[in-house]
Amino acid sequence: MTSFLAQAQEPMTRAEVLADDPIWLILIKVVALFGFGVLMTLFMINWERKVVARMQHRTGPNRVGPNGWLQSLADGIKLAFAEEIIPAGADRKVYWLAPVISATPAFVAFSVLPFGPQVSIFGEQTYIQLVDLPVGVLVVLAASAVGVYGIVLGGWASGSPYPLLGSLRSAAQVISYEIAMGLSLVAVILYAQSLSTGDIVDAQQGGWFALLLLPSFIIFVISMVGETNRAPFDLPEAESELVGGFHTEYSSLKFALFFLAEYVNMVVLSGFAVTLFLGGYMAPWPLSAIGGGVLNTGWWPVLWFVAKMLIFLFLYIWLRGTLPRFRYDQFMRLGWKVLVPASLVWIVMIAGVRAINTSTDVTTGQKVIFGAVAVLLIVLLSLLIPEKRVEDDEGVPTTGGGYPLPPLDLEVPKLTPRQAALEKDERRRKRKERAEVGAGTTSATSTDGTGKEADDGNV
């Protein structure tokens, strides 16, 4: 009986507390998350325009609202009342459904992000999170992957070649960088021993995973930018090649939904990166030591979570204002030949370190020896890799930009082979026409002995 009472008094887990939420509290959280996504989109569009304008020494939005901060809201209202133009060759059902498919999963991913610890809302104890699933990490990855279906379907349903090319680029891009992103999370899952986002945050109380698992953090950040189709990886909407990309044929609210999906995905993945690598909603070290951790209680952690999220959102803007767009072959080479192999090597190293640390039979001296042998093998392998030989050829020399230079003894032919063939055909055609004209004249007229045409005497 005593053991039963002790078991009954055990504190409830995060998942159990969230499962016990009443329906009215769940609705409040859903509305709050939706409003947060929309407000962050309006803020991000305006903030991005202002920051990029400052980087380029020009004036950004400064007309609508205080210091121009209502410009995004005005643009949204304008899009709502703009005329909608649907291409004649579009598949109307899929054309209408694509923006919805693109925007909906972005909001779904918000549901598993922990914004704060346990608090009291109108007297009800709950966490600042909608739901804590045992596979919360996979939910975010799945939502990010499903959102790309909207881009692919939007480009295909437009009935135009350039949107189709943009959508195909997006499909290849997501496959490439989603693999690298998923591999970067393996080390985090190994150290947290859970796929729950709440458990991952709790596992970082002793230190952020961004410092402990630095390679995973770098790979995740690069993959995050590629996953959201943002510069310098914005190949699906490269206006220099594809006019406007997958949403070229969209207008009015459907175009606004694509924009909403892009920026909400940026906010979600920024929050996801904060959850996985920057300690989630916990305050950074100097602040966490104040008052015995009082800033990690109540509603304070929401402030730290949003502040960390804004750091990643600023990184998006910084990259867009700094780096030029990648070529498509460079972009795919980075994903498949750099990020994926680096992730695999890092996973093997982390698994080996974890196995050694958890083994009780391995002494500290043996660990040092194993580490030294591993470093020595890596150095030897790097030395054994042959350098790429540059073969000397007698081809056309190139400038630093890769453009060919003509040789000094170049002789330009008067006619190209195609021009010579066309001229030969033209001469043959003219000879044939003259022969036909001569034969027709001989048969149609009769001549006398003097070579003059004979007449019938009529004048």
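# A walk through the rings and cores

Start by selecting lysine 50 and tryptophan 69: the lysine lies over the face of the tryptophan, 5.4 Å from the ring centre. For a charge to count as sitting over a ring, NZ of Lys or CZ of Arg must be within 6 Å of the ring centre and within 35 degrees of the ring normal.

Before you click on: this is a predicted model, where local features need pLDDT of at least 70 and side-chain atom pairs count only at pLDDT 80 or more, while totals for chains, interfaces and linings use all residues. Residues are numbered from 1 along each chain as its sequence is written, and side-chain values use heavy atoms, with hydrogens and water left out.

**Colour by confidence.** pLDDT is the predictor's confidence in each residue, from 0 to 100. The protein chain averages 83, and 86% of the residues score at least 70. The chain has 17 helices and 2 strands; these are DSSP runs numbered from the N terminus (helices H or I, at least four residues; strands E, at least two). Now select residues 449-459, where pLDDT stays under 50 and the model has 4 contacts beyond four places in sequence. Contact here means heavy atoms within 4.5 Å.

**Back to the rings.** The structure holds 26 aromatic pairs, and one of them is tyrosine 177 with phenylalanine 331, stacked at 4.6 Å centre to centre with 15 degrees between the planes. That pair links distant parts of the chain, with tyrosine 177 in helix H7 (residues 161-192) and phenylalanine 331 in helix H15 (residues 328-358), 154 residues apart. The rule for pairs: rings of Phe, Tyr and Trp (its six-membered ring) with centres within 6.5 Å, called stacked if the planes are under 30 degrees apart, edge-to-face if over 60 and tilted otherwise. Tyrosine 177 is buried, at 0% relative accessible area, and phenylalanine 331 is buried at 0% too. Buried means under 20% relative accessible area, exposed over 50%, and partly exposed in between (1.4 Å probe, protein chains only).

Next, pick arginine 354 and tyrosine 191: the charged end of the arginine sits over the tyrosine ring, 4.7 Å from its centre.

**Stay on H7.** Arginine 169 is found in helix H7 and counts as buried at 17% relative accessibility. Leaving out neighbours within four places in sequence, arginine 169 is in contact with Leu235, Pro236, Ala238, Glu241, Leu242 and Tyr328.

**Into the core.** Which members of the largest nonpolar core touch the most others? Select Phe110, Phe220, Met224, Phe272, Leu276 and Leu313, out of 73 residues. Helix H12 (residues 252-277) gives the most to this core, with 12 residues. A second, separate core of 8 residues includes Ala90, Phe246, Tyr250 and Phe258. A nonpolar core is a set of buried Ala, Val, Leu, Ile, Met, Phe, Trp, Tyr and Cys residues joined through side-chain atoms within 4.5 Å.

**Last stop, strand S2.** Tyrosine 127 is found in strand S2 (residues 124-128) and is buried, with a relative accessible area of 12%. Tyrosine 127 and glycine 116 are 11 residues apart in sequence and 6.6 Å apart in space, C-alpha to C-alpha. Beyond four places in sequence, the contacts of tyrosine 127 include Arg14, Val17, Leu18 and Lys29.
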